[in-house]
Amino acid sequence: MEAAAPPYLVPGRDLRLDFFRGLALWFIFLDHIPNNVVSWLTVRNYGFSDATEIFVFISGYTAVIAYSRMMLREGWPRAASRIYRRVWQLYVAHILLFVAFTAQIAYVSISRNTPELIEEMQLLGLGENPYRAILEAALLKYRPVNLDVLPLYIVLLAGFPLALPGLLRWPYFVIGLSLVVYAVTLHFDWNLPGYPDDKVWFFNPMAWQVVFYSGAVLAVVAADLSRLDRWRQLVTVLAVLYLLFAAFIALSWQYNSLERLIPDWLARQIYPIDKTNLDVLRFVHFLSLAWLVRLTVRPNARFLKWRLFDPIRRCGEHSLQIFCLGTFLAVTAQIIVAYYEDSIVSQLAVSLAGLAIMCLAAYGASWFKAGPPAKGFVA
Amino acid sequence: MRQRALVVLAGLVMAGLAVPANAEMQCRASRELLDVGNPLDIARTAVADDRELRIVALGSSSTQGYGASNPQFAYPAQLKMKLEAAMPGVTIHVWNKGVGGQDAEEMIARMKTDVKPEHAHLVVWQVGTNSAIRRTPLDKFAEKLRAGIDLGQSLGANFVMMNLQYVPAVVALPDEEEYARVMSDVAKEKHVGLFNRFAIMRSWYNDGMPYAQFVTNDGLHLNDFGQKCIGKLLSMAILEKVNPKRLTGGANTPH
């Protein structure tokens, strides 16, 4: 058996990661604008899972790639320190986003005399008890409107140093453990506390960790996947059938005539498709998609390098900044659409403008990261 | 290669099916469906005499606003906005006491702590969905409703029960209509109001409104449109009783 090196030891960047993470960031932005006609382009309308799964999965995959080599070379303490530095960066980014997000709404409330809009955009809890809300925001318990994803990522990454040594040595044990935690969480309905007191985390970290660790484990054992290739056709057929089934169900939400075709006994098995605790239907949907992507998109696939897709990849490379910017801009878009006019044209305009700003920011970040041009170039 | 082409083709077909989705339909309900069947005398007196209306929305995730993109879109906050707009000069309070996942029994336990301190004139009690999902026996469910109403009425408030939402996860249940029926029966027996959310939302569906317009992707919770619309219709139903003068011939007349 030829020993293919696991992905975390292969030098160079897997372009698929940047591409699909960039795509997920675009989708998250588009989906965060309510009733956005452009969000028809995003995955969530064609099945159970959405961009969140893609983002969390790739985050797990890249976490292994980023920190495992460091651990092998420099030891666990240094790798763990680097991970916690990253956790700190995420935390700072989240708090900054919280402030910017709130300030944006406060600005609109103060500068525009549109009481209905102000009231609609008001953040419940912040106005009632601002001191408490600030404290709870710092503790990640208060996460108003759309600020749920980064806290999930923070918690997942904070637990990652503990899992990293085990991941490299016993990856199958780690994914087994992750599945057990997922199952137990679903069974006992565990979640972390939120604010106000009776709320819980919209993305339950103890359930969503299974997506993160699926990505992480695959970064270690990707070569073993070729063993599945013996049943490649069977797995592919099952995946395609499942995706078609999910697409049919998703389309039935748009067409009552399709909806009436779904028998009650089947609907009883399907619904509700819980997002907070990552319904199994969502997870399997994502895995089916990932399987088809593995088959159809090679790490060095030519289209990944097309100039047309350069903006998407750039966004994926600077995912933290672009994610924060996208969340901020989604609210801007929402305000603009609500304040001026709600039409297909305005939705299209704010969507395109937002994506353009995100891409500009990504190119700016790349330019900055590249540093000053080499001296010889000037001479 | 052929595989890839197939995937692309499937994607295009699906996109083609989905894009020309139905244009958004209006939020509405017939006048009969909006009749809560109770004069809401305590609330009406409070509005007329004290120019004040204190409402507690007691319920589960629908009340809390799970599924809405902003807590302000949840029906209690919408109710407050609509009542304020319709009755200028009347101070409106709406307390949102929704806790996700709770059923009748758990909410009764909160009546003393969550409802009593607010001295409400009106309690909107959103209940039934979680009981139906958990398959609480119907007679036990009815008993809990009676106990809750007795306890709540002893606090000096009018009651309007809000029944189940008409969504895929509820419609798929074998006996969801039985739970709705029990709520109607108990409302009549105890002389309290009933906001027939189930029938109202079913009328949306039967008029051709797709689930995607008012339900989130989980098939259970109301989305922004659903929440706002329920808030608007509930405000109309309450205004009809509390402030009937305004509605005759007014712009808010339901069609």
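Colleague: What makes up the secondary structure of chain A?

Modeller: The secondary structure of chain A comes to 17 helices and zero strands, where helices (H or I, at least four residues) and strands (E, at least two) are DSSP runs numbered from the N terminus. This is a predicted model, in which local features need pLDDT of at least 70, side-chain atom pairs count only at pLDDT 80 or more, and totals for chains, interfaces and linings use all residues. Residues are numbered from 1 along each chain as its sequence is written, and chains are lettered from A.

Colleague: Why are α2(A) and α6(A) called oblique to each other?

Modeller: The axes of helix α2 (residues 51–74) of chain A and helix α6 (residues 149–169) of chain A come within 10 Å and cross at roughly 40 degrees. Angles under 35 degrees count as roughly parallel, over 145 as roughly antiparallel, 65 to 115 as roughly perpendicular and the rest as oblique, and therefore α2(A) and α6(A) are oblique.

Colleague: Which residues of α2(A) meet α6(A)?

Modeller: Among them are A:T52, A:S59, A:Y67 and A:M71, and on the α6(A) side the partners include A:Y153, A:F160 and A:L168, contact requiring C-beta atoms, placed from the backbone, within 7 Å. By class, this contact of α2(A) with α6(A) has 11 nonpolar, three polar and no charged residues, with Ala, Val, Leu, Ile, Met, Phe, Trp, Tyr, Cys and Pro counted as nonpolar, Asp, Glu, Lys and Arg as charged, and the others, Gly among them, as polar.

Colleague: How do you know that the radius of gyration of chain A agrees with a compact globule?

Modeller: Because a compact globule with 379 residues would have a radius of gyration near 21 Å, the 22 Å of chain A agrees; the radius is taken over C-alpha atoms, and the globule rule is 2.2 Å times the number of residues to the power 0.38.

Terms used. Axes are lines fitted to C-alpha atoms, for helices over the stretch in contact, and angles run from 0 to 180 degrees between N-to-C directions. Two residues are in contact if their C-beta atoms, placed from the backbone, lie within 7 Å.
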